[in-house]
Amino acid sequence: MQATQELGLSAKDLSVYYGSKQAVRNISLDFEKKQVTALIGPSGCGKSTFLRSLNRMNDLISGARVTGEIWIEEDNILDPRVDVVLLRQKIGMVWQRPNPFHKSIYENIAFGPRYHGIKNKKQLDEIVESSLRKAALWEETKDRLHQSALALSGGQQQRLCIARSIAVKPQIILMDEPASALDPVSTAKIEELITELKQDYCIIIVTHNMHQAARVSDKTAFFYMGDLIEHDDTQKLFTNPSQQQTDDYISGRFG
Amino acid sequence: MSAKTADRIATGVIISVAVFIVALLASLLGFILVRGIGHISFDFLTSAPQTIKAGGGIGPQLFNSLFLLVLTLMITVPLGIGAGIYMSEYAKPGRLTDFIRLIVEVLSSFPSIVVGLFGLLVIVNLFGLGFSLFSGALALTVFNLPLMVRITEQAIRGVPREQKEASLALGLSRWKTITSVMMPIALPTIVTGTVLASGRVFGEAAALLFTAGMTSPRLDFTNWNPFSPTSPLNPFRPAETLAVHIWKINSEGLAPDAAQIAAGASAVLVIVVLLFNFTARWFGRFLYKKLTASK
């Protein structure tokens, strides 16, 4: 198992069913540490469903069933004995629409770490500052940390959500179309941030924007109708795909 | 008919319906207030009623109504919020949950006189609690509790799913997610709903006739020992509420100014319900700001 050193997360034979409909079919994918992997594909291809299985968010949806294995280090997180609360601490998540808590900017960040046992005010202050700095939001918010997070712009809110997820020190960050609800300037900032963050984290990003996938990711996986069609270096997948379907999709012939 | 005309007609109908409702409410309120407000004075609000002489007040009844409301809320708020959280977050969809929901709905639509008779037979006689504030509060619980459950359930369901997921994704437990992330968002709705439900409790008469009773003992407002029979705070004494009092003096009042007292008491009842509504709405907003640091 010497490969696990570099692996952030590894899915084996993962299938997801909604009722009797199979949304994701036997997908095996490895995600390396300090890399960005983009999941692309047309709407309804199962990429978001796949992403949401990785931190067991699909547990919340009644009728959803996940089979297969997902390994993080030595743990199969689909094992019913796994403490899902602890698991989710290791995996941050960022959604399509920014969803800051209805709390102050400071509280949005401090909320997670405080729950996980950090009570010291000074330590929390440091976490808030460093998380906001990492999310490139510190300069804009340092004078109004105790104002509502809802007063921030959409792009700022999304960076706050990223700061919030890195405040609990995850190993992996899942992003579900994190920039699709944002304007181009904010999108550029988020992309810059993703490139910055991959030095420390394993990042998995779902995107509809192929240019974005090409810009930010190291590896790209192309999903179609619940199947994984192709998984390769981004460079290779976009310039010289091995599958005809991938070629058709990235050249805009369908989807 | 062109789409434009149809749109105009629909808008006209909707506006006239709205105007009708507002006018109905305004005339109702106006009628009650104009008739009663002249009779309201400090003395009227604080003194005890008279049986055959003119000049009686509604002091004890007003106090009883408020006290009964507090007692009822003390029972229904914790139970209702707890059950509402269970129904929205923990109950698995299925036959049992549907059955519970059905029962809750049936319970809330029970005729209040039936609840009153049930209270008389079970709470007053079988449990031996007698005509008392506590019996009244339990009877009111029967239709207040289902409302509280529904209000809480809907308020919590109304919280965006992303909020809940964001909290769970940070590795917070389900309970912490409910109390720290979902409740602050749901709270204004819960408070507003509680107030609307309280309005019904405050104005309820039929369910109280046979449970809280139609008489009040001579109360000594300087006696704050809740175990003393003459203390206003004693929950096990009979208590005639404002709404019951209005009904009683209208139907069998002997005082020469019974009609004016009924009118004055009705106005007080309406004003208190309105006041309660406004303050609680304000309180809901205040609480939301406090809990969420929003301006």
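## What covers helix α3 of chain A

Helices are DSSP runs (H or I, at least four residues), numbered from the N terminus. This is a predicted model, where local features need pLDDT of at least 70, side-chain atom pairs count only at pLDDT 80 or more, and totals for chains, interfaces and linings use all residues. Residues are numbered from 1 along each chain as its sequence is written, chains are lettered from A in the order in which they are written, and side-chain values use heavy atoms, leaving out hydrogens and water.

Eight of the 11 residues of α3(A) (residues 105-115) are buried, so the helix is largely enclosed by the rest of the structure. The buried set includes A:Ile105, A:Tyr106, A:Phe111 and A:Pro113. After α3(A) comes A:Gly117, with a positive phi near 110°.

## Two packed helices in chain B

In chain B, α10 (residues 242-252) packs on α11 (residues 258-292) at about 160°, with the axes 9 Å apart. The axes are lines fitted to C-alpha atoms over the stretch in contact, and angles run from 0 to 180 degrees between N-to-C directions. That makes α10(B) and α11(B) roughly antiparallel (angles over 145 degrees).

Residues that meet there include B:Leu242, B:Ile246 and B:Ile249 from α10(B), and B:Ile261, B:Ala265 and B:Leu269 from α11(B). By class, this contact has 10 nonpolar, three polar and no charged residues. Nonpolar covers Ala, Val, Leu, Ile, Met, Phe, Trp, Tyr, Cys and Pro, charged covers Asp, Glu, Lys and Arg, and the others, Gly among them, are polar.

## Two buried residues

B:Thr72 sits in helix α3 (residues 59-90) of chain B and is buried, at a relative accessible area of 0%. Beyond residues up to four places away in sequence, B:Thr72 touches B:Ala137, B:Leu140, B:Thr141, B:Asn144 and B:Val201 (contact means heavy atoms within 4.5 Å). The side chain of B:Thr72 also reaches the backbone oxygen of B:Leu68 at 2.7 Å.

A:Arg52, in helix α1 (residues 47-53) of chain A, is buried too, with a relative accessible area of 8%. Neighbours within four places aside, its contacts include A:Met57, A:Trp95, B:Arg161 and B:Glu165.

Conventions
Buried < 20%, exposed > 50% of the residue type's maximum accessible area, 1.4 Å probe, protein only. Parallel < 35°, antiparallel > 145°, perpendicular 65-115°, else oblique. Polar contact = N/O pair within 3.5 Å; in protein donor to acceptor, adjacent residues only side chain to side chain.
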